[in-house]
Amino acid sequence: MPLVVASKKLINKFDSETFLSTVNGGRKIVVLSKKQTIFAQGDSSDAVFYILEGKVRLTVVSKTGKEATIGILNKGDFFGEGCLTGQTLRLCSATVMTDCSVMKIDKKSMIEVLHREHAFSDMFVAYLLTRSIRYEEDLVDQLFNSSEKRLARVLLLLAHFGKEGKQETVIPKMSQETLAEMIGTTRSRVSFFMNRFRKLGFIDYEGGSGLQVHSSLLNIVLHD
C-alpha cells in the first residue's frame, strides 16, 4: 500500500516546465515573426507571457512621442505580469525581435496555479526577485558608469554571458539607435564604441545577421 501511495504522489507531482510548454485551458502558444507586436502600450492587460523561443523587446513611449527601450527579454523570461497586481492597461509595448514563440497564460489561470502549486509560485517569485536585482544593477550602471562601460555590459547581458557556460554568443541584428536608448546616450557614441570594440577584437559582425560577442569584452566592464 505505501508503494502505491508513493507512486500516485510521483505521478501527480507538478512540473513547471510541462505547464509552461503545453496548451491547456487558459494557456496557448503564440508563434510570431520578427517585428510583430505582442501587445501595445495602453492595451488591456489580461495575461502573462513566457518566452519559449526568441527575443522580445519592451519599449515605452512618452507623451511627446519619444520611445525608449526598457528591456530585452530572452527564452525563459516572463513578461506582462503587471495584470496580476491589478494593472488594467499595459504600461509598455512588447515587440518580437526574432522569430519567436510565447506561452500566453490568462490572468485567471496564472493566479490559480500560483495559489495551488507552491513549486511554481516559488520559481516565479525567484524569477521576479532576480529581475528586480538586475534592474537595480541597471540603475547603478546608468548613474555611475561611463557610456562605454554601459554599452559593454548591455552587450554581454544580451549575449547571455556567463549563462550555461556560454562564452561567445551571437546577438540578433539590433540597431545602434536601440542600443543608444538602452544605455542613455547618442547613436554616434554607440557607433564610436562599437567600432572600437571591433578593432580590439571584442566583437565581430556576422555578415549582417547578428553580432558575435567575445568574453574578452568583459575587460571593458572590469577596467577602472
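## The model as a whole

Because the model is predicted, local features are given where pLDDT is at least 70 and side-chain atom pairs count only at pLDDT 80 or more, while totals for chains, interfaces and linings use all residues. Residues are numbered from 1 along each chain as its sequence is written, and side-chain values rest on heavy atoms, with hydrogens and water left out.

The protein has eight helices and eleven strands, which are DSSP runs numbered from the N terminus (H or I with at least four residues for helices, E with at least two for strands). Of its 224 residues, 40% count as buried, where buried means under 20% relative accessible area, exposed means over 50%, and partly exposed lies in between, with a 1.4 Å probe and protein chains only. Of the contacts (heavy atoms within 4.5 Å) with a separation of 6 or more, 71% join residues 24 or more positions apart.

## Helix 5 against helix 7

Two packed helices are described by the angle between their axes and the distance between the axes. For helix 5 (residues 147-158) and helix 7 (residues 187-199), the angle is about 65° and the axes are 10 Å apart; axes are lines fitted to C-alpha atoms, for helices over the stretch in contact, and angles run from 0 to 180 degrees between N-to-C directions. The two helices are therefore roughly perpendicular to each other, given that angles under 35 degrees count as roughly parallel, over 145 as roughly antiparallel, 65 to 115 as roughly perpendicular and the rest as oblique.

Helix 5 contributes Ser147, Glu148, Leu151, Ala152 and Leu155 to the contact, and helix 7 contributes Arg189, Val190, Phe193, Met194, Arg196 and Phe197. By class, this contact has seven nonpolar, one polar and three charged residues, with Ala, Val, Leu, Ile, Met, Phe, Trp, Tyr, Cys and Pro counted as nonpolar, Asp, Glu, Lys and Arg as charged, and the others, Gly among them, as polar.

## The nonpolar cores

A nonpolar core is a set of buried Ala, Val, Leu, Ile, Met, Phe, Trp, Tyr and Cys residues joined through side-chain atoms within 4.5 Å. The largest one has 25 residues, and those touching the most other members are Leu151, Leu155, Leu179, Phe197, Ile203, Val213 and Leu217. At least two residues of this core come from each of helix 5, helix 6 (176-183), helix 7 and strand 11 (210-213), and helix 5 gives the largest share, six residues. Apart from this core lies another, of 15 residues, including Phe39, Leu73, Phe79 and Cys92.

## Helix 3, helix 4 and lysine 107

The axes of helix 3 and helix 4 (residues 118-144) come within 5 Å and cross at roughly 110°, which makes these two helices roughly perpendicular. Here Met110, Val113, Leu114 and Arg116 of helix 3 meet His118, Phe120, Ser121 and Phe124 of helix 4.

Lysine 107 is found in helix 3 (residues 107-116) and, at 33% relative accessibility, counts as partly exposed. Leaving aside neighbours within four places in sequence, lysine 107 is in contact with Asp46, Ala47, Cys83 and Leu84.

## Lysine 35

Most residues other than glycine have a negative phi. Lysine 35, although not a glycine, has a positive phi of about 80°. Lysine 35 lies in the loop between strand 1 (27-32) and strand 2 (37-39), and is exposed, with a relative accessible area of 68%.
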